[in-house]
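Subject: Structure for you to look at

Hello,

Here is the structure I said I would pass on. My notes on the ligand site and on one part of the surface follow it.

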Amino acid sequence: MSFGCFAGNLENLTDVQDAANYTFVKGDIVSASDVQKVFTEFKITDVIHLAAESHVDRSIEGPMEFVMTNVVGTVNLLQAARETWKNNESHVFHHVSTDEVYGSLSDEGLFTEQTSYDPRSPYSASKASSDHFVRAYFHTYGLPVKLSNCSNNYGSHHFPEKLIPLMINNIREKKPLPVYGKGDNIRDWLWVEDHAKAIDVIFHNGEFGESYNIGGLNEWKNIDLVLFLCRLMDKKLGRNEGESEQLITYVTDRKGHDMRYAIDATKLARELGWKPSITFEVGLENTVDWYLANSEWVEQITSGAYRAYYENMYQNR
Ligand code: TYD
């Protein structure tokens with residue numbers, strides 16, 4: 001059983017729609033009875049929990065949805081697992097979380113699994129809370145949990161409100177490229193397929209009750225990343241060198257904007273043998289190619305409610 005969220009889209013699952021071990025159930029994670037029904041009907045043995053409201057800007061606009069989905073939703077899942085599983089040894093509850101629970105770094109240092117939690121946005125506070133509940137169910141009820149905390153993901157099918165797909169889309173459409181503040185915040189980018197492989201290895205071989213940090217070993221300043229994308233896409237789209245850079249627009253900074261995230265993924269490498277498989281340059285080029293080849297997917301996903309939301313956010317900056 002794997003849980004998805006609002007940025008999910010059934011079209012992303014066409015590759016597996018005919019698989020014998022795949023079933024799609026539409027339900028609300030905030031409803032304890034919806035969750036329990038799935039456990040009972042499908043005799044759920046294991047969980048990979050990825051369902052979350054994940055966009056920091058949305059959490060600043062409306063924190064309560066983040067409390068409901070990320071905190072109440074997680075506790076509903078934990079509770080259903082606890083009530084259903086009689087023999088804890090034969091199950092796994094893998095909770096997928098974020099490095100943002102650790103707060104913000106200055107120029108030095110990396111987040112390790114020992115770093116104290118210091119969430120600073122409503123989003124990261126909700127994820128920190130969900131992590132605490134997962135550990136509480138391990139210590140109190142012996143629920144067989146494993147946790148992972150990842151850095152910023154990128155890759156195909158990424159909901160285009162996040163930095164990389166948003167910039168790719170806006171460069172393609174020759175729209176302004178909104179860079180928050182001075183663009184000197186730093187993120188550590190992780191290719192989504194490497195993240196999926198890390199989840200797989202932790203799910204199967206990780207220790208119960210343990211957390212594993214997953215990072216791309218790949219820190220970039222936002223503005224350098226946006227410039228890199230502009231140059232790459234000028235080439236791909238046959239534009240003059242420097243043309244897309246003209247679209248860069250510095251906008252009001254995000255409230256409480258975390259300065260730098262960077263992960264120390266040594267534990268995962270040492271204990272479970274995982275490491276990132278491709279360079280950022282190759283991963284980014286694959287990602288740009290995917291978005292250029294799938295502009296209809298982007299059109300479909302950004303029409304309607306999302307477009308109105310985005311335009312409103314942009315106008316208010
Ligand atoms: P984002 O993709 O929202 O991920 P997160 O907030 O979880 O790190 O943002 C990545 C970085 O890019 C972050 O420092 C905020 C910045 N950013 C912009 O400068 N402009 C944008 O339009 C967006 C969405 C993000």
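For the classes used below, Ala, Val, Leu, Ile, Met, Phe, Trp, Tyr, Cys and Pro count as nonpolar, Asp, Glu, Lys and Arg as charged, and the others, Gly among them, as polar. Please keep in mind that this is a predicted model.

The ligand site

On that scheme, the shell around the ligand consists of seven nonpolar, five polar and five charged residues. There are 17 residues around the ligand, and those that come nearest are E100, P178, R187, R254 and H257. Two elements that each supply at least two residues of the shell are α5 (163–172) and β6 (177–180). The most comes from β6, which gives three residues.

- R254: a polar side-chain atom is 2.5 Å from an oxygen atom of the ligand.
- P178: a polar backbone atom lies 2.7 Å from a nitrogen atom of the ligand.
- N152: a polar side-chain atom is 2.9 Å from an oxygen atom of the ligand.

On its own the ligand has 510 Å² of accessible area, and the protein covers 97% of that.

The surface

L10, L13, V16 and F24 make a nonpolar surface patch of about 330 Å². Of these, F24 is in the loop between β1 (2–3) and α1 (32–42). Why does F24 count as partly exposed? Its relative accessible area is 45%, and partly exposed covers what falls between the buried limit, under 20%, and the exposed one, over 50%.

Regards

Note on methods. Residues numbered from 1 in each chain as written. Predicted model: local features only at pLDDT ≥ 70, side-chain atom pairs only at ≥ 80, totals over all residues. Heavy atoms only, no water. Near = heavy atom within 4 Å. Polar contact = N/O pair within 3.5 Å; in protein donor to acceptor, adjacent residues only side chain to side chain. Areas by Shrake-Rupley, 256 points an atom, 1.4 Å probe, with all protein chains shown as cover. Helix = DSSP H or I, 4+ residues; strand = E, 2+ residues; numbered from the N terminus. Patch = residues over 30% accessible without salt bridge, like charges linked within 9 Å, V, L, I, M, F, W, Y side chains within 5 Å. Salt bridge = Lys/Arg side-chain N within 4 Å of Asp/Glu carboxyl O. Buried < 20%, exposed > 50% of the residue type's maximum accessible area, 1.4 Å probe, protein only.
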